[in-house]
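Here's a quick briefing to read alongside the model. Have the sequence and the 3D view open as you go.

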Amino acid sequence: FSCQNKEKQFEYSGGVFKMCLDNAPITNLTYNIEDYYSASVYEQVMQGLTSIDPKTLKVIPSLAKSWAINDDGTKYIFQLKPNVLFHETDLLKDEEREFNTTDVIATFELICKLDQKGQNTVAYNVLFKDLLVGAEDFQLGKEKHIKGLQEANNTITIELQRRDDNFLYKLASIHASIHNEKLIKEGKTNLVIGTGPFMLTSETIQNNKFILAKNPQYHEKDESGNNLPYLDGIEFIIENKKLNQLDLFESHQVNMILGLPATQIAKIVEGRKEDFNSKPPLLILNRQAMLESHYYFFNMNDERFADVRVRKAFNLAINRVKIGREILRNQFEELGNYGIIPPVDHAFRGYNFEDIKAYGYDYEPEKARKLLAEAGYPDGKGFGTVNLRYNLGEINSFVADEFAQQIGQILGINVNIDGSTFEQLNQDAAQGNGDIFRSAWSADYPNPDNFLHLFYSKNITDLSNNNLGINNSKYLNPTFDALLEDARKQENIGQKMKLYAKAERDMGVVTSYDVLMNGDV
């Protein structure tokens, strides 16, 4: 402890940063995380070989200090960073806390094994399935170890079956977080002991709070040689009501909130200008596009939505401008008829968003009614009620209510809105307990593939094996699949982007309204 105190500290180090999360983390198994909230918490605790610079969106070193890639992009050689320790715990002796190649091998083998329910881990589907040499043979028990993983002289070599230009980004995700070999063997990965800047303690989980403590032996420093992290801790307060979040902010119980209550935007942004303009400012507003899409999807196992005319009718019956202006209160980057990929040009360079927009859906109520009639449901007769599922929250509820009203007014179809917890919504969506579902996706990396793979047929939920995938809509389109696979094989970025765009154009009718909150702030 005395030695640590001699190391250089930033002048303003200390304090606990407090912020709200709309929902609590669903799982603490990093290789099975599918939700934003679990990732937000445990990304502070765990680290992978690579990470992503939040300012430039480029891949940067993390537990690997450097890497080399062969000419055809199928072999990666990572030089591991020395002098990295796992968090201090009674479960590990000092020498067992040292990060090394065996931890990486053990973690990736854990990812490739079937879980306790006999399912693929989320990490296996996202990272290694049909990609890592020998992963399938290892999973089937044909080999004791994964052929495509080799260790030597503090290096890890990963061999792929084919080129994957997103592989370094994938290794930066929470799914590829490295666990300690001994804890893996003892089945204690649920304790989430990592190498990150913050760590879990016996006080972490409290009444609607997740509290993380500073890792005093963290291996990274800032550009001036100061120890990181600066903070003593992070406190996540779980609160799904934006008005309550704002009350916590105004009473100085939290330092930051993500998004403002729709009813309070003018009061805060326009009515508190002096607080924003004071020196130093009392309030700081950071407005920028997020790599995130909020959308509704159809349950494609519902026979009514098997008819493309019905899906198009729903799309054409929605007045997006009204929802954007009156419900979201202009909390969006840009209104328009885009697809599933948020139109953030700097993040998706070379992607033709204007071309996608040309294939999008305007508000055309007469055309919507005509298509519904052609499908055999004139004025909604005989269609029955639609059950719309969403997770509770101020904006989600307002949008769901407006959606139900518009579909009722334009198509004559009754929409029953059914709110639940975020976790329950995810379970029901995967199992098809509903007709239309609200969802959202935050990009793991800045590539169109990360959004399009939500509708890839190989990611369809397999209910027969109780295997929960991420294609909860059960969307199946061989043409879309082929275009997505072709794009992944391309080395030319321009050609790759053209194929991604064509794939998105061909699957556009899967969403019930056209990503209203693309670029949500």
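**Around Asp435**

The side chains of Asp435 and Arg304 make a polar contact at 3.5 Å. (A polar contact is a pair of N or O atoms within 3.5 Å; within protein, one must be able to donate a hydrogen and the other to accept it, and residues adjacent in sequence count only if both atoms are side-chain atoms.) Keep in mind that this is a predicted model, where local features need pLDDT of at least 70, side-chain atom pairs count only at pLDDT 80 or more, and totals for chains, interfaces and linings use all residues. Residues are numbered from 1 along each chain as its sequence is written, and side-chain values use heavy atoms, with hydrogens and water left out.

- Asp435 sits in the loop between helix H16 (422-431) and strand E15 (436-442); helices (H or I, at least four residues) and strands (E, at least two) are DSSP runs, numbered from the N terminus.
- With a relative accessible area of 14%, Asp435 is buried (buried is under 20% relative accessible area, exposed over 50%, partly exposed in between, with a 1.4 Å probe and protein chains only).
- A polar atom of the Asp435 side chain also lies 2.7 Å from the backbone nitrogen of Asn387.
- Beyond four places in sequence, the residues in contact with Asp435 (heavy atoms within 4.5 Å) include Phe297, Asp302 and Thr385.

**Ser473**

- Ser473 is in the loop between H17 and H18, and counts as buried at 1% relative accessibility.
- Ser473 and Phe297 are 176 residues apart in sequence, yet 6.1 Å apart in space, C-alpha to C-alpha.
- A polar atom of the Ser473 side chain is 3.3 Å from the backbone nitrogen of Tyr475.

**Helix H18**

- The buried residues of H18 are Phe480, Asp481, Leu483, Leu484, Ala487 and Arg488.
- They're on the same side of H18 because they cover an arc of only 165 degrees around the axis, taken from the directions from the helix axis to the C-beta atoms.
- Over on the other side of H18, Pro478 and Lys489 are exposed.
- Helix H17 (449-452) and helix H19 (493-506) are among what covers the buried residues of H18.
- At the start of H18, a side-chain oxygen of Asn477 comes to within 3.0 Å of the backbone nitrogen of Thr479.

**Cysteines and confidence**

- Searching the whole structure turns up zero disulfides (pairs of cysteine sulfur atoms within 2.5 Å).
- Cys20 is buried at 3% relative accessibility, and Cys112 is buried at 0%.
- Mean pLDDT (the predictor's confidence in each residue, from 0 to 100) is 90 for the protein, with 94% of residues reaching 70 or more.
- Residues 509-521 stay under 50 in pLDDT.
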